[in-house]
Amino acid sequence: MSAKKKRAWFVCPQWQTLVADSYADDAEAARALHTDPRVLTKLRLREPVAKSTALKMLRHAGRRHRLGARLDDLVVDIRSLSRRVITPNFSHWPTPGKISHGSKPVA
């Protein structure tokens, strides 16, 4: 297995609220943060990047914006994210016997 495939990949779940909302698009953010817009697009879409890349982007952003947290706390290893399936909660939906149209219940 190549070293790139064995490498841990990281995301920054707060990127949208911390940085991306401050700019009209990734190109504008890239000019302000002096970086490649493709990397910013990956961060915005929560696609995994190398930890050094994520930290570098957060350092650049931290010079212009108040991040309010340590940089290491803002990046998450994708291997630590839970892989659980989220099941929707339909308990608030009416049961078929209790659906009403107008004033008469439908059986």
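The notes below follow the order in which I looked things up.

**Confidence.** I noted at the outset that this is a predicted model, and I therefore began with its confidence values. The chain has a mean pLDDT of 76, and 68% of its residues reach 70 or more. When I went through the chain by element, the lowest confidence was in strand β4 (residues 100–101), with a mean of 52, whereas the highest was in β2, at 90. I also marked residues 84–88, where pLDDT stays under 50 and the model has zero contacts beyond four places in sequence. Where pLDDT is low, the predicted coordinates should not be read in detail.

**Helix α5.** I next checked the length of helix α5, which runs over residues 51–64. With 14 residues at 1.5 Å a residue, α5 should span 20 Å, and because its end C-alpha atoms lie 20 Å apart, I recorded the two values as agreeing. I then listed the buried residues of α5, which are A54, L55, M57, L58, H60 and A61. Looking for what covers these residues, I found that the cover includes the helices α2 (15–18), α3 (26–33), α4 (37–44) and α6 (71–74), together with strand β2 (49–50).

**Helix α3.** Which residues of α3 are buried? I found D26, A29, A30, A32 and L33, and because they cover an arc of only 165° around the axis, they sit on the same side of α3. I kept in mind that an α-helix has 3.6 residues a turn, so residues three or four places apart point the same way. The buried residues of α3 pack against α2, α4 and α5.

**Nonpolar core.** The largest nonpolar core has 24 residues, and those touching the most other members are W15, V19, L33, L40, L43 and L58. Helices α2, α3, α4 and α5 each supply at least two residues of this core, and α5 gives the most, with five.

**Salt bridges.** How many salt bridges does the structure hold? I counted four, and wrote down several of them in turn.

- D26 pairs with R44, their closest N and O atoms being 2.7 Å apart; this pair links distant parts of the chain, since D26 belongs to helix α3 and R44 to helix α4, 18 residues apart. D26 counts as buried because its relative accessibility is 13%, while R44, at 32%, is partly exposed.
- R38 forms a salt bridge with D36, with 2.9 Å between the closest N and O atoms. R38 has a relative accessibility of 64% and so counts as exposed, whereas D36, with 28%, is partly exposed.
- D73 and R70 meet through their side chains at 3.9 Å, N to O, and salt bridges that share partners join R70, D72 and D73 into one network. D73 is partly exposed at 48% relative accessibility, and R70 is exposed at 54%.

Definitions and conventions. Residues are numbered from 1 along each chain as its sequence is written. This is a predicted model: local features need pLDDT of at least 70, side-chain atom pairs count only at pLDDT 80 or more; totals for chains, interfaces and linings use all residues. Side-chain values use heavy atoms; hydrogens and water are left out. Helices (H or I, at least four residues) and strands (E, at least two) are DSSP runs, numbered from the N terminus. The expected span of a helix is 1.5 Å times one less than its number of residues. Buried means under 20% relative accessible area, exposed over 50%, partly exposed in between (1.4 Å probe, protein chains only). Contact means heavy atoms within 4.5 Å. A nonpolar core is a set of buried Ala, Val, Leu, Ile, Met, Phe, Trp, Tyr and Cys residues joined through side-chain atoms within 4.5 Å. The arc is that of the directions from the helix axis to the C-beta atoms. pLDDT is the predictor's confidence in each residue, from 0 to 100.
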